[in-house]
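Subject: Structure for you to look at

Hello,

Here is the structure I promised to pass on. Please open it first, then read my notes below.

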Amino acid sequence: MQYKKLTGLLLTGLALMLSSCNEYLDINNNPNNPDKVEAALLLAPIENQYVLGIQFDARYIGSYVQNWHNATSGVVWDAQGYTPSSDAGGELWRSVYWKGGRNLLNLIDDARAGQKWDYLGVGLLMQAWGWQMLTDVHGEIILSEAYDLDPNKNTFDYDTQEAVYARVVELSREAIQNLNRADGAVSQAALARGDVLYKGDRLKWKKFAYGLLAINAHHLSKKASLYKPDQVIAYVDSAFTSNADDALFTFNGLSTADASFFGPVRQNLQVYGQSTFITRLLDGTNTAFGGVKDPRLPIMLATSGDGQIRGITMGQGQSTAASVPLPTRVVSPWGTQLGINPPAGTTGRYIFTDRGPFPLMTYAQLQFIKAEAAFIKGDKATALAAYRKGIEAHLTAPYVNVSATDRAAYLANPAVVPTAENLALNQIMLQKYIAQWGWGFLEQWADMRRYNYDASVFTGLTLPTTFYINNNGKTVQRLRPRYNSEYVWNADALAKIGGLELDFHTKPLWFTQP
Amino acid sequence: MAALAQDRTISGRVTSADDNQPIPGASVVVRGSTRGTTTDANGNFRIQATRGQALRISFIGTTTQDVTIGNADVINVALKQEANALNEVVVTALGIEREKRQLGYAVTEVAGQDLANSQRDNFLNAIQGRVAGVQVGTSSGMPGSSSSVIIRGINSLSGNNQPLYVVDGMPISNNTISSNNFASSRAASGQSTENRTVDFSNRAQDINPNDIETITILKGPEAAALYGVEAANGAIVITTKKGRSGQGRISYTNSFTWQQTGPLPKTQRVYGQGNNGVSNNTNFNAFGPRIPENDTLYNNAENFLRTGTGQRHNLSFDGGTDRYTYRLSAGYTSSEGVIPTTDYKRLNITLGGTAKLTDKLSLESTIQYINTDNRKVSKGANSFLIGMLSWPVTDDMSNYLNPDGSRRRATVGNTEVENPYFDINKNLLRDRGNRVVTNVGGNYTVADWLTLSARVGLDAFSTQYLIKYHPESNRSGGVIGGALDQATDNNRTLTAQYFATLKRTFGKLDASLLVGQAIYDYRYEVLATRGEKFLDPNFTSINNTDPLTQKSLSTLRQRRLIGAFANATLDYDNTVTLTLTGRNDWSSTFPIQNRSFFYPSASLSFVFTELLPDGGLRKALSYGKLRFSAAQVGKEAPEYATTQAYENQTTTGGGFSYGFTAPNPVLRPEKVTSVEVGTELKFFNGRFGIDAAYYRTTSVAQIIRDLRISYGTGFVLKTINGGKLWNNGIELSLTAEPIRQPNFGWNTTINFTKTDSRLEQLAPGLTEFYNSDSNVYSNIRNGSRLGGPLTTLTGNSYLRNAKGDILISPLSGLPLTETVWNVVADRNPDFVVGFLNSFRYRDLSLNFLFDIRKGGDVYNATESYLYRTGLSTKTLDRETPRVFTGVLKDGLENSDTPTRNSIQVVPYYNNNFYTSLADETFIERDINWVRLKEVTVRYNLPTSVLGRSRIFKSASVFFTGNDLFLLTNYTGGDPGVNAVNTATGGSGGFGIDFGNLPLPRVFNAGINIGL
């Protein structure tokens, strides 16, 4: 009897304990950080990471498009190759899917729920922009299956580039609708809390959206059935109207955490020297502009110790032999010795400083797009006007700022700005290249791929003498998706688009095809 | 008064009834008084007592005897050994003592004395070889290194595989701080501190071996039936020393230590700095021309390392009456490693007491205070070892500063390695801790069939960690003007449990039932701060850093568990015992719907010798038992895995973003099921014994942490219930006492362990689980493939044709490597053996322990590094032209007539030859070793010597050597080191050797004195 009583008592005691234990055990929400935050707190990191993503991958894309080359000879990227089993060239992938990704979805949800139409517009636009950049770099990407919530889903199929291009248009249009709204909780002060890029100016964002649409539409120039030059021109006309609209990202630049990836404190560019290609374009030795020395030469490019401006030829590196004295060697974009970390106190130069700025889309860039569209259409007068505006805009950009005298002389030179009749495609493309040097890697690469690295369009452009072994002699067309995301964990989906082929990076993208 | 007058001195001798050997240390107490003593080294005692009083004489492992004092002044007692082990008692879960014969699963005990006598600072290292089925690995040979203990193999792919540590019935923390708790995890990429470069102590090693009475190792999840989820990997149950009743005793032990480095890798000293046969000082490659004969060469490594010294002192007082006892001990350990500046200091103060307040109520309590101070040097890439080996032999490494005080470099360019002298003198890696472990327990006997027990424990510690990289350091901190990471952790483990034990006998059937509840509450908080850009490069303080660079990080981890358990034991006629347990846990780490989980166990013990008639077989086989058990246990998830939180961003504009890991709102407990069969046999009154066990553990719904996934999820990692794996093994322990003479004895034990494991299932679509922390050099990492063991390494291998020939580049004549990771090695040994011997000749004893391993692969990443940089002695034939065996990848490689490679390479002129080799080349296969873990010679001063002094009751002098030699077919340093620390889960980094300090050879000498 006693056993039963006692056991009964113990069990009752236990039951009482357990009823209150759920509360005692409710401690599994991470106390170290919030699990829900408003849109304003989500935007800045996304803007940042998009910029850093471009900058990270620019070390490699910058070599493909011959902005710069490695100080060491024979580096795979200078042979239009890639580093196998490496995440190199996969940073934008990380920025878009992870740093944008669900953060952006949450931003959009919060904005929609709180009638923050400005945040909603920017959020949608960031999505559109992310997809545009990513598809231009990698081709097919995960779109419809991205961010699936099922914890047991492990394979994420790729969408065609055509689908991504359509999605970008859709998102941009929805963004514009929202950016047009001034009702609800829309306020410049509120948007400025999270918006590092435009400090809350939603109208500039709207122009940015049109700029993105222009880029999207213009990339289809090789597709006779889809390309509409008038549409491109219309988009450009709704986009930036002056340098004041430029999307320039300025970093705090106080430490490695908040500095530009291109700043000396981050120590990422010490092995890259400006290319022979850009050097010859600016110093007048490239025949495209009739031997005119560009006033931007000493502003954009770095001067060697002996006062000369030199470049590295793709794949050849910078000799460190004693016969090539230090003052005659190419220097880093900061003007410091190649191959070693910048000495303490290096501030950098041009846009290569800790604070930047880093341009993301500029008025000049869009004017060149307009010029090319008009040129293709056959409207040479419009083409020339936009071409001239593009050059002038870049010469007067705050980070270039060529003196008025030099600017006037340059623009007045018929070898640079010819008559409408004499305007040539290579001039448009090369001036666009110059205006995008050091930041517009993605658009430069899109241009080169549209014309398949044609030296008649990109005068003076040479291809590697020896391609990377797996190129099988073909030019580079895309970066392979991020290795530790896709090759290791999504190989089945990747296989379906041929991503496991060793020469996948030479497979042309949809947008470059007729 | 009259009674006192009748007091007289009784003397006598306590011997063993079996062999007439004296029993030193037996307890002699006058019943009902505070008077008591212990026997000396020769079994003799003297005590004051009165006629009619009773002396109680007891000794562990023997039957206690009471002798009433009559007229005789001399009382000699022969204590009977409990040879049948029938009454042998072990401490199991909850501090419950159970008779060993009743247990249906394997338990092993190690005497605290053996641990203390091994003279290890970290008692865990003394367990290696002493217990079958237990593998202890150290992360390096530096003082205070963390030790990983794996009982019965790997049960968790990514989670913790360390056992639960229990002191006097209550769990304590065995935390090793993980590098992601440092504020450097918020610094820019490339600046963070990683588990593979730093190594902080694991907290279980705080316990003073001299305070340990015994350690019971509960190997399987059977232990978990009563300890809950935490013990799913087994438990190490520590019982601390308590005071013994009788006259107060003082004992003092010391030892003085010298240590020398273990085997270091050899480097070539023929060719100098350079590339392709041309002298070049832009990097550390030793592919340059031959060093001119009259150049001075330096023995940089030998000059750098020192002879480490150390000392230990332990002083204890104990005593008491038969109702109250106390014990106070103080221990101090100081050990300086072979690398200058490294040291480990520990102070332990322990106070314990027991009290029988009434006949029904007894209490006991211990409180331990521990202070530690440990200085190490970073390991892995840029470690002192790599620096030491890479330093050009033509340069004096000790000359590490320029005349102006700045760092002197051996290269120009970006590839400088850290000068080890600079590293030890200018960088800092240090932890200092204070800890209190205490617990109070009580038993109340309500009736002879009912006992109530309760116990409360607290483990509180705070440790301060410092990582400093000098502004001129070559490490990541150097390039940003110096970096200081500082963190203080605060741990509070609060545990409480109470249970009722009911006992009743029905004829030949003894039944007992235990019902109880436990609450474990874990709170671990780290406050970390970091600063960069030192104002004064040589001053170590966060105040000395640029305020603009300062970052802080606060981390709180909380976990709670409530368990309710029951344990029923049915013992029929001391022959068959059936034990059934059930436990339900409620863990805070799961979503509400999966929070509660139940797991049962059953075990059966059958002492079949009880049924045999006396004589016949019984004469030889004195004891025989069969064991069967089956048990299940759930395993917890890491905290905060079910919902996600944002992380504060330090990029321009600040804000929040998600961290790497996706949340899993449907996480559920891992289920581990274990089946064990075994036997214990004792022959010839225990002169020879066998303990054998076979077990198989299956773990399903593995909680796989930090699984890499496609970024298409929006995250980088996720935590899922995915894997299924099994793990089995054979454990065999043979004990023998071949010689048992009054003046000469020999005991020997052989512990044999063989394990195997298999990864049977991963999440759909996944074929490999790997640990990125273990990828310390080039492309080899701890990776498990579906259908393979959990102990494999995956990595970079050669590209081969269908026939298996290595493919050669037609351009260079050098081999091509795969772009995907293949399984390249299995680290699991074929078997390991511990071989323990102890000899006694009169007052002299000799003990030694061999640790033997057969098979298992080791990745010699150090050699890979040396080879690729031309430092390896294997590169000495570089002037010999050669053709790499293989076929050209010219399109014909898979045809019937592939082109054999005929391209000749002279590595001297083309050192790409050395870097073109696949990483798999540096896997050393089937590594065996024989290691003398420990050898002790001890001389007990005979009573004839001690008697004259009248001060000392006992005294001995000893010499102990640790890791004195290592015989191995491994070509590198020490194959037994680990590339990561125990904060890394899963099968960790054992079998990966990169820049690790081999275990040092340690010589200890000291004395033991008893007053």
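**A sheet in chain B**

Strand β15 (residues 212-218) and strand β16 (residues 235-240) of chain B run antiparallel, joined by 6 bridges. Keep in mind that this is a predicted model.

Start with two pairs of residues. B:Ile212 stands opposite B:Thr240 in β16(B). B:Thr214 has B:Thr239 as its bridge partner in β16(B).

Now look at the other neighbour. β10(B) pairs with β15(B) over 5 bridges, again in the antiparallel sense. Here B:Thr214 turns up again, as the bridge partner of B:Ala111. Strands of a sheet pair through backbone hydrogen bonds.

Is β15(B) mostly covered or mostly open? Mostly covered: 5 of its 7 residues are buried.

These strands belong to an open sheet of 5 strands in chain B. Its order is β10-β15-β16-β13-β14, and the pairing is mixed. The edges are β10 (107-111) and β14 (170-172) of chain B, each pairing on one side only. On average, neighbouring strands of this sheet are turned by 30° against each other, direction ignored.

**Where the chains touch**

How many residues does each chain bring to the contact? Chain A brings 65 residues and chain B brings 64 residues. On the side of chain B that touches chain A, several strands supply at least two residues each, including β26 (483-506), β27 (509-534) and β37 (717-740). β28(B) gives the most, with 9 residues. By type, this side of chain B has 30 polar, 27 nonpolar and 7 charged residues.

Best wishes

How values were computed:
Residues numbered from 1 in each chain as written. Chains lettered and ligands numbered in written order. Predicted model: local features only at pLDDT ≥ 70, side-chain atom pairs only at ≥ 80, totals over all residues. Contact = placed C-beta atoms within 7 Å. Helix = DSSP H or I, 4+ residues; strand = E, 2+ residues; numbered from the N terminus. Nonpolar A, V, L, I, M, F, W, Y, C, P; charged D, E, K, R; others polar. Pairing = 2+ DSSP bridges. Axes fitted to C-alpha atoms, helices over the stretch in contact; angles between N-to-C directions. Buried ≥ 20, exposed ≤ 12 C-beta atoms within 10 Å, placed from the backbone.
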